[in-house]
Amino acid sequence: MADDTEKNRLLLNIRDVIQKADRCIKNDDLRPELVVLEIKRTKDILAVLKGVYQLEANRAREIEASLDALHRQLDVKIAEKKEAVKFQAPLIRTGERGRPQFDIPLEQLKMFHDFGFTAKKMAQHFGCSTVLVYKRLKEEGISQRGKYTDISDQQLDEKIESIHSNHPNTGSVMMAGYLEADNIKVQRRRVRSSLRRIDPASCEKRCGKTAKRRTYSVPTPNHLWHIDGHMKLNRWGIATHGGIDGYSRLITYLMASTDNRASTVLEQFVPACLRFGVPNMVRSDMGGENLMVGLFMNVVNKDKPDNIIAGRSVHNQRIERLWKDIYEQEVEFFYKLFYDMEDEGLIDIRSTVHLTALKFVFIPIINCNLKKFMKAHNKHKVRTEGNRSPEEVWISGVLDNLHSSSCSMSNLFDANSLEVTLVEALAAYQINIDLFPEYEEDTPLFDEQQTNELNTAISQTEVHREKYCICLRLLQNSDNS
């Protein structure tokens, strides 16, 4: 009896999905991408019904045929929708005989070229042939084959060794990203060969490590940002906050600071919105540090009920995967260094002076490394995205959904500035505040004169421990006097 009840429940679920798919095909009130995902899950349910509950073969074939037919129709609808909203180069109509010409501005050509787009991808975005793109590139003196930097193996080894000394766990893909962030573009095979010459042991170690991939899908750039805090250095009063676009893996902000307050997270989130646009939704954990970001999203996207999704950190997929890379390539070095300095008696976490000296010396260094990591990550090639960088994926997604009615795209191309939008939204609640004060990268620990004196003193050495010891000694002398 229980088996029949469960069987009927699963059949009702399949019926509901078929009805939803049929409604989506006839109307525009549902997103076809999400319905396709439901159909794929429904096929798994059908397999359970056939294998466990002994569903009749004829009935199973009929349901499967219906699902396949609906899937094909939804794929056509998705393709038509994408074609309708994507960017295309304007046409020049002269009124004379022949086809109208494509108007491909030099600025757009240079932008695509600088971001690493191939001629084929440029043609797809412009809606023209690859031959025409090559012709326009040649007219402007831009060579696709000449995009690689002229650098010898010895010079490349020296550059990679310099980066490798600060980022010892970096592989060939991220190393190519670091090089490209420094305007050095070379073939990936040369980067791999250079890393093998510099540190063959680490190369062999990385070859045995593979990342388990999971399915993830959102429709457009800025549809969903994942934000979170990284607390590996919290023992020493340092918190790292970051955000990443779910569609493209583009890091929107990444910074270390001296606290985990909600105002600190907002001060990092707002400049990212000014640069990349306000996201449609934000995914975060339920920590109090995300409260002001939630309020900000509800004020800006006031007509939407689901501006922020809060849940367990382990389900915040994109940002949690990013923290793994950041810890291995950036934070682990400082994590081990601080513990070593504690063992040597250089750091006492119970001492305010010790922690103040540590923050003053190391937070600018950590933020410098995080800034380099962010640039390299946004330029490194992602295998599952057709070897495109997060920057390329983000730009392509924006162009492909340029005329879409989605909130994420309308926020990006809104005629009003973000400041105007916020002022108008807050005025409805009779609130008048300074929305964009002059934020600094971090709250200053000292006044300007003290900061200059300490910076002058610690600039005499490049060794991190020595910088800390000099700063600590000066602060202790200042307290004694």
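Biologist: Leaving aside its neighbours within four places in sequence, which residues is Ile-151 in contact with?

Modeller: Happy to start there, and bear in mind that this is a predicted model. Ile-151 lies in the loop between α6 (130-139) and α7. Once neighbours within four places in sequence are set aside, the contacts of Ile-151 are Leu-156, Val-186 and Arg-190.

Biologist: Is Ile-151 buried or exposed?

Modeller: The cut-off for buried is under 20% relative accessible area. Ile-151 has a relative accessible area of 13%, so this residue is buried.

Biologist: What distance separates the C-alpha atoms of Ile-151 and Ile-184?

Modeller: Along the chain, these two residues are 33 residues apart.

Biologist: Let's turn to helix packing. How are α7 and α9 oriented to each other?

Modeller: Two packed helices are described by the angle between their axes and the distance between the axes. For α7 (residues 153-166) and α9 (residues 188-198), the axes are 9 Å apart and the angle is about 70°. Angles of 65 to 115 degrees count as roughly perpendicular. The two helices α7 and α9 are therefore roughly perpendicular.

Biologist: Which residues of α9 does α7 meet, and what classes make up the contact of α7 with α9?

Modeller: The crossing of these two helices, α7 and α9, is right-handed. From α7 come Asp-153, Leu-156, Asp-157, Ile-160, Glu-161 and His-164, and they meet Arg-190, Val-191, Ser-194, Leu-195, Arg-197 and Ile-198 in α9. By class, the contact of α7 with α9 has 5 nonpolar, 2 polar and 5 charged residues.

Biologist: And what describes the crossing of α4 with α5: perpendicular or oblique?

Modeller: Helix α4 (residues 106-114) and helix α5 (residues 119-126) have axes that come within 10 Å and cross at roughly 135°. That angle makes α4 oblique to α5.

Biologist: How many nonpolar, polar and charged residues are in the contact of α4 with α5?

Modeller: Here α4 passes α5 in a right-handed crossing. Gln-108, Leu-109, Phe-112 and His-113 of α4 meet Met-122, His-125 and Phe-126 of α5. Sorted by class, the residues of this contact of α4 with α5 are 4 nonpolar, 3 polar and no charged.

Biologist: Now the sheet: which strands stand at the edges?

Modeller: This is an open sheet of 5 strands with mixed pairing, in the order β5-β4-β3-β6-β7. Each edge strand has a single partner strand, so one side of each is left without a neighbour in the sheet; the edge strands are β5 and β7 (308-310).

Biologist: Which residue in the turn of the β4 and β5 hairpin has a positive phi?

Modeller: Strand β4 also pairs with β5 (residues 251-257) in the antiparallel sense, over 6 bridges. Ala-239 stands opposite Ser-257, and Ile-244 has Ile-251 as its bridge partner. The hairpin leaves 5 residues between the strands, and the turn residue with a positive phi, about 70°, is Arg-249.

Biologist: How many residues of β4 are buried?

Modeller: Both faces of β4 are covered. One side has Ala-239, His-241, Gly-243 and Asp-245, while the other has Thr-240, Gly-242 and Ile-244. For strand β4 (residues 239-245), the count of buried residues is 7 of 7.

Biologist: Which residues is Asn-367 in contact with, leaving aside its neighbours within four places in sequence?

Modeller: Asn-367 is placed in helix α14 (residues 352-379). With 9% relative accessibility, Asn-367 counts as buried. Beyond its neighbours within four places in sequence, the contacts of Asn-367 are Met-255 and Ala-256.

Biologist: To finish, what percentage of residues in the protein chain is buried?

Modeller: The protein chain has 19 helices and 7 strands. Among contacts between residues at least 6 apart in sequence, 68% join residues at least 24 apart. Of the 481 residues in the chain, the buried share is 44%.

Conventions:
Residues are numbered from 1 along each chain as its sequence is written. This is a predicted model: local features need pLDDT of at least 70, side-chain atom pairs count only at pLDDT 80 or more; totals for chains, interfaces and linings use all residues. Side-chain values use heavy atoms; hydrogens and water are left out. Axes are lines fitted to C-alpha atoms, for helices over the stretch in contact, and angles run from 0 to 180 degrees between N-to-C directions. Helices (H or I, at least four residues) and strands (E, at least two) are DSSP runs, numbered from the N terminus. Angles under 35 degrees count as roughly parallel, over 145 as roughly antiparallel, 65 to 115 as roughly perpendicular and the rest as oblique. A crossing is left-handed if the near helix is turned anticlockwise from the far one by less than a right angle, and right-handed if clockwise. Contact means heavy atoms within 4.5 Å. Ala, Val, Leu, Ile, Met, Phe, Trp, Tyr, Cys and Pro count as nonpolar, Asp, Glu, Lys and Arg as charged, and the others, Gly among them, as polar. Buried means under 20% relative accessible area, exposed over 50%, partly exposed in between (1.4 Å probe, protein chains only). Two strands pair if DSSP finds at least two bridges between them.
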